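Subject: Structure handover

Hi there,

Here is the structure I promised to send over. Please open it alongside this email, and my notes follow below.

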Amino acid sequence: MSGARKVHIKSFGCQMNVYDSHRMADTLAPEGFAETATPEDADLVILNTCHIREKAAEKVYSELGRVRALKQAAARDGRRIVVAVAGCVAQAEGREILRRAPSVDLVVGPQSYHRLPALLARVERGEAVIDTEFPVEDKFDILKAPSREATRARGVSAFVTVQEGCDKFCTFCIVPYTRGAEVSRPVAKIVAEVEHLADAGVREVTLIGQNVNAYHGEGPDGSPWTLGRLLERIADVRGIGRLRYTTSHPCDVEASLIAAHRDLPSLMPHLHLPVQSGSDRILVAMNRRHGRADYLDAIARMRGARADMAFSSDFIVGFPGESEQDFRATLSLLDEVGYAGAFSFKYSARPGTPAAEMADQVPEEVKSERLQRLQAAIDRRQAAFNARSLHRSFDILFEKAGRRPGQIVGRSPYLQAVVVTAPSTAIGDIRSVTITEIRTNSLFGALNATPVRAREPMPAEAGG
Ligand code: SF4
């Protein structure tokens, strides 16, 4: 490969993968690779895979079938497409990918992205390359920062990885095996990255990590800083109007994080705090390290610091051994917390995890029936939460043009999509909006003449 080259990166799964895809593109840019949205005209196709969802590996192999057809068509035109598989499936499957999909040239695990230029040079020399090591060097030191242009093109809201890996070992989860042990980036490097983003026009930063509130990176004073302290420092960066973080674990909701929600107006009052189940018996079987009461206590402490805190969660239904009584405990937790929204999934076994070996797997039809009931309850909760926004005013960060001409779309503090009629010059602004209409997937509103900087909280009672 030589001259101007194009890379197409397809991301599956969570925000960590979206962030990783951006950093891979940034690392390849100095090598002469420009990003392309279509694989057809790419010289390099990277599938950045996720292992969380059911049959993840199978989905990657079927996607690779499509890429192989592209590769063959390009070869007939005398062009070479290099195919790389990255992400958690790459880490989990390793050499198996090259065996089952010989059109793949490179398999690269999440800890080795900084080595991409060197790995691609080996591919160019004709090698099939696998790198799924956990290297000793810090990949964040070597990964390239995005250019101003790339940052601008990605919009006014950006992710910043502050922590990777997980030491919790929930019995259903593959992450501790694919992403490795918890590692936190130093405060100074994170602040420098946020300043760079702010300088390029980013207004909202979401700090991300598999277990983000277990953050313990080295502070400028040499001591480990908590996530709460890090948020306090980043809130000082000029130009950053909004802060979020995800994904959190209930065991790591500690005092400085609660204080940050109390003290930092730019820290949004919305927290994704996965609980997975409302049953203590199942929480033990999942090795979640907390009970239902601990979870409710974390929610209560947050709401004690900021009354308008809204919560979302992930739920797994049909975990091995889950009885109807256990499932009802999940439904009752939903009522007790009053979530603004939630994601729910049927349990599916991940090879290599303890839960995959557990006896008492729940039949598929029982899982499906419970999932339907849970989703209906979540939908009712979400609709009730949204209904309470009607005629209220919120600060909205406008992110992009809407579907209809003259419309722009932004996010409320509670992550609701809000559509208004306004000029596109307002994209990137945080403006006060009164909500005038509630629809299923978005809220509609009108710009207020004067900015509302004072908080107008959502009532704490969820209703519905
Ligand atoms: S805390 Fe989250 S990432 Fe860690 S093992 Fe449990 S589910 Fe997986």
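**An aromatic cluster to start with**

Phe-172, Phe-319 and Tyr-347 come together as one aromatic cluster. Before going further, a word on the numbers: this is a predicted model, in which local features need pLDDT of at least 70 and side-chain atom pairs count only at pLDDT 80 or more, while totals for chains, interfaces and linings use all residues. Residues are numbered from 1 along each chain as its sequence is written, and side-chain values use heavy atoms, with hydrogens and water left out.

**Aromatic pairs**

Rings of Phe, Tyr and Trp (its six-membered ring) are paired if their centres lie within 6.5 Å; planes under 30 degrees apart count as stacked, over 60 as edge-to-face and the rest as tilted. By this rule there are six aromatic pairs. In one of them, the ring centres of Phe-169 and Tyr-177 are 5.6 Å apart and the planes stand at 75 degrees, so this pair is edge-to-face. Phe-169 is partly exposed, at 37% relative accessible area, and Tyr-177 is partly exposed with a value of 37%. (Buried means under 20% relative accessible area, exposed over 50%, and partly exposed in between, with a 1.4 Å probe and protein chains only.)

Phe-172 and Phe-319 also make an edge-to-face pair, with 6.4 Å from centre to centre and 85 degrees between the planes. Phe-172 sits in the loop between strand S8 (163-164) and helix H8 (175-178), and Phe-319 in the loop between strand S13 (310-317) and helix H14 (324-337), so the pair ties together parts that are 147 residues apart in sequence. Helices (H or I, at least four residues) and strands (E, at least two) are DSSP runs, numbered from the N terminus. Both Phe-172 and Phe-319 are buried.

**Around the ligand**

Which residues are around the ligand? They are Cys-166, Lys-168, Phe-169, Cys-170, Phe-172, Cys-173, Val-175, Pro-176, His-249 and Arg-288, where being near means having a heavy atom within 4 Å. This shell divides into seven nonpolar, one polar and two charged residues. Cys-173 counts as buried, at 14% relative accessibility.

**The nonpolar cores**

A nonpolar core here is a set of buried Ala, Val, Leu, Ile, Met, Phe, Trp, Tyr and Cys residues joined through side-chain atoms within 4.5 Å. The largest has 50 residues, and Leu-207 and Tyr-245 have the most contacts inside it. Helix H9 (residues 187-199) gives the most to this core, with six residues. A second, separate core has 20 residues, including Leu-47, Val-67, Val-83 and Val-89.

**Backbone points to look at**

Most residues other than glycine have a negative phi, and most peptide bonds are trans. Against that background, Thr-246 and Thr-247 are joined by a cis peptide bond, with omega about 5 degrees. Thr-247 is in the loop between strand S11 (242-246) and helix H11 (255-263).

His-391 has a positive phi, near 70 degrees. His-391 lies in the loop between helix H15 (364-387) and strand S15 (393-401) and is exposed, with 62% relative accessible area. Leu-415 is not a glycine either, and its phi is positive at about 70 degrees. Leu-415 belongs to the loop between strand S16 (407-411) and strand S17 (417-421) and is partly exposed at 36%.

**One more loop residue**

Thr-226 is found in the loop between strand S10 (204-208) and helix H10 (227-234), and counts as partly exposed at 26% relative accessibility. Leaving aside neighbours within four places in sequence, Thr-226 is in contact with Tyr-215, Glu-254 and Ser-256. The C-alpha atoms of Thr-226 and Cys-170 are separated by 22 Å, and these residues are 56 apart along the chain.

Best wishes

Notes. Nonpolar A, V, L, I, M, F, W, Y, C, P; charged D, E, K, R; others polar. Contact = heavy atoms within 4.5 Å.
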